[in-house]
Amino acid sequence: MSEQVHTGQWTDHSYGSITGSRLTVSTRDAGYLIALLALFCGWVGKAAWKLIAFLLHQHQATPEARDGVFHQLQVALRNSTSYVGFVVVASRIGFAWRNRSTNAMSSVSRIAAIASILGALFTAGATLSSRIASNEGGVLLTGDACGYTTSSSGSELDKITLQLANNMQTGISLTSSNAYAQDCYSNPLNTETSSFSGQTAAGTSCHTFTKPSLNYTLSLGCPCPFEDACAVDDSQVVQLDTGNLDSHIDLGINQPLENRILFRRVTTCSPLRSDGFTDNHFHAVASLSYLGNVSTYSYGKNAYQPTRFGVTLPLPYANTTFVYAQDTYTASESAYYMMVASTMMNFVPVPEISRQPTQPMSLIFLANRAFYSTPVNDTWFNATAQIQRSASGIGTSYYASANLGSVLGCIEQLQVCNPIVHGSASSPRCTDLDTWHTWGGYMSYYTNTSNSVPSLTSIGLNPVQVTTALMLQEAALSASIFNIIDQLGPRSLLASSYLSQQEFFWSPGLNPNQWALEAANWFNIGLAQLQRFIITNYRKPSAPILQRFWVDFPANASAARAFCESQKVQNARFTTFDVLALALIVGVGVVTITAGYGAPFALPVLQKLFGARRYHERRAVAKRQWRADHYLHLQSRLFQACGLGGEWEGEEDYVPRTRREVVFEAPRITSQSARSPDELLNTEPWSPSEVSKTTSTAMFVEMQESPWQEEEELTSPERAAAIGGEVTLGMMNKEILMIGEYDKENGSGQQ
């Protein structure tokens, strides 16, 4: 299928103008967009955690004394970059303090649970975000090169050429629809009930139309539509009915409610009696050198009269429906030979089978020359005559038809309804089932909507609806049983699939209701052709012979162009995104990122403008702790405690720094166990010899909690130099108090 897909923004009218906004891109570009969206969601998740961590830190900030677990969790909240990293650190904190703090696990689990829930939500959100990209809703076709073929201005040769080319194109299209029906519509051979709905097969070939298959019901027990000519009683007459198909939902014609129509197709079939309508003659056709029996089937005058020879036979056979000459099969021919007559092709039925000569009717003639392994009791395929054949000296029994031919009749009806009109006796909402083929004027209406179609305008259809109805009428003509049999012949029969490939006329037995199954199969092919036709027929064909006769719809044919620009199909090479969902993800993500990275700067301003005084005081405490807990500030305080880097500045900034450019080593942290201040005070004074003996334990530094007061630091570069600049860390807290130092001047230790 050579349709062109519209890329960019469009509206799926199944959901409205806002919620139905869609963006279609190629599958490759969709992969890039989905990858970017996943990265964006990850960024949003980190920003959301930064916001939650900031709010938790600020909520817990207090000038009161707390245990080590509290302070370490505060530092972890301040410096974690993701909920996963925080959960890992918090778990290690809780495990390390499990035997030293009674509230360690409860404090950790409470905050870790919040981080875990947030992580789970964003993981699920990132996974679900990919679902905004889908192929289920289909893609929209462009309206480029939209028009029709015509030879109105050409010669007679052009008209014949176009007719032959169109017949060829119809045959190709019906062949594809036949294959599609076998794959994507339910196989009636597997159905044992009297009612079924078309269901989609799992094959990838079914992903072509908006709906892989159109549902319908098959029911038995309808009145005979051919007066008294039915060969079966009313309980066996088959009727297939789609019910009302929505032009938008079922056929993929993407239109708002006011431009949609309801479309219904009904087909009623039954085998016809042969007695009273069949006659056998012995006749010689001189032009064909044929001498033999000729059977005539007189159900009405058939101007379109294919015969067994492909020519029109002379009188008295010219006024009959079918003429069949016996005993002319060769080994290269099919076991089934078919002919068809239709009122849409100038067939005029006799009153004995129809009191409405213009009623859409098709009669299908079948000459059955197949050999079956078991009797076939089907009314149309009837093969119960047992014949003995000798094969390799062994007697073989088979069954064949004793009839020269059988006729099956079908009535095809169409109806269009206006979905926005309730209908009344004076203002109906639906057309009559039997008048659809008389609407006429569809080609002229495409180019000039001022031309009236009373059957359609009488039910209140607007120009766009009328155009849709007329195009579906043309599609129904292409999908008619007459076209299916005329183009496909025996290939349209399910029974043909049972024929042996080695012996072409041999077949296993058939179902006793095989004719009903064949009628359902034609209905399937017709529905598939209906779906295909409305997509392909009004787009410029690829065949050069048809391009010669192609005419684009004129600029004033707005309704016809609207039809072409409103067709949806399935196409795996393109992906459609929900624009509203995409906008919400991006919008919420941008807000979350802004809040996550901007909250530490915006919150003080907001509290200053709208907060009470006590909140100002609390905010000052929280602000100072937020800054002090940052790893760069913790590092700078450690450097200052060790006397490294000289004087430092920028305590109020994000990044602290030395007052002048200086080069210094990183502090060397020893593995000496932490000692309490009381233990330090009870130790003997230090001597220079002790300092010289061990340079790795020259002094003890303990981080003591006092972040709420501005204090002078208790160290100096000179003191640190005297003891070698090495420290042993106890608990890392906000400010550093050096306990125990060595005085070079008096040579004694001071505690």
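Modeller: Helix axes here are lines fitted to C-alpha atoms over the stretch in contact, and the angles run from 0 to 180 degrees between N-to-C directions. Please keep in mind that this is a predicted model.

Biologist: With that in hand, at roughly what angle do the axes of helix H8 and helix H10 cross, and are the two helices oblique or roughly antiparallel?

Modeller: Helix H8 covers residues 463-478 and helix H10 covers residues 514-536, and their axes come within 9 Å and cross at roughly 130°.

Biologist: Which residues of H10 are met by H8, and how many residues of the contact are charged?

Modeller: H8 passes H10 in a right-handed crossing. From H8 the residues are Met-471, Leu-472, Glu-474, Ala-475, Ala-476 and Ser-478, and they meet Gln-529, Leu-530, Phe-533 and Ile-534 in H10. The residues of this contact of H8 with H10 divide into seven nonpolar, two polar and, as for charged residues, one.

Biologist: How far apart are the axes of H2 and H3, and what is the handedness of their crossing?

Modeller: Helix H2 (residues 68-79) and helix H3 (residues 83-96) pack at an angle of about 165°, which makes H2 roughly antiparallel to H3. The contact draws on Val-69, Gln-72, Leu-73, Ala-76 and Leu-77 of H2, together with Phe-86, Val-89, Ala-90 and Ile-93 of H3, and its residues divide into eight nonpolar, one polar and no charged. The axes are 10 Å apart, and the crossing of H2 and H3 is right-handed.

Biologist: How are H1 and H4 oriented to each other, and how many residues of their contact are nonpolar?

Modeller: The axes of H1 and helix H4 (residues 104-129) come within 10 Å and cross at roughly 160°, and the two helices are therefore roughly antiparallel to each other. Their crossing is right-handed, with a contact whose H1 residues include Leu-37, Val-44, Trp-49 and Gln-60 and whose H4 residues include Ile-111, Leu-118 and Phe-122. The division of the contact residues of H1 with H4 is three polar, no charged and, for the nonpolar class, 13.

Biologist: Which residues does Gln-60 contact when its neighbours within four places in sequence are left aside?

Modeller: Gln-60 is found in helix H1, and its C-alpha atom is separated by 8.1 Å from that of Gln-74, which is 14 residues apart from it along the chain. Contact means heavy atoms within 4.5 Å, and on that basis the residues in contact with Gln-60 are Phe-70, Gln-74, Leu-77 and Ile-111.

Biologist: Turning to the strands, which strands of the open sheet stand at its edges?

Modeller: The sheet has four strands in the order E1-E2-E24-E3, with antiparallel pairing. Each edge strand has a single partner strand, so one side of each is left without a neighbour in the sheet, and these strands are E1 (8-11) and E3 (133-134).

Biologist: What is the bridge partner of Gln-9 in E2, and at about what angle does H1 run to E2?

Modeller: Four bridges join E1 to strand E2 (residues 21-26) in an antiparallel run, and the partner of Gln-9 in E2 is Leu-23. Helix H1 (residues 27-60) lies across E2, E3 and strand E24 (574-578), and its angle to E2 is about 115°.

Biologist: Which residue meets Lys-568 in a salt bridge, and how many salt bridges does the whole structure hold?

Modeller: Lys-568 and Asp-12 meet through their side chains at 3.3 Å, N to O. The pair links distant parts of the chain, 556 residues apart, with Lys-568 in strand E23 (residues 568-569) and Asp-12 in the loop between E1 and E2.

Notes. Residues are numbered from 1 along each chain as its sequence is written. This is a predicted model: local features need pLDDT of at least 70, side-chain atom pairs count only at pLDDT 80 or more; totals for chains, interfaces and linings use all residues. Side-chain values use heavy atoms; hydrogens and water are left out. Two strands pair if DSSP finds at least two bridges between them. Angles under 35 degrees count as roughly parallel, over 145 as roughly antiparallel, 65 to 115 as roughly perpendicular and the rest as oblique. A crossing is left-handed if the near helix is turned anticlockwise from the far one by less than a right angle, and right-handed if clockwise. Ala, Val, Leu, Ile, Met, Phe, Trp, Tyr, Cys and Pro count as nonpolar, Asp, Glu, Lys and Arg as charged, and the others, Gly among them, as polar. A salt bridge is a side-chain nitrogen of Lys or Arg within 4 Å of a carboxyl oxygen of Asp or Glu.
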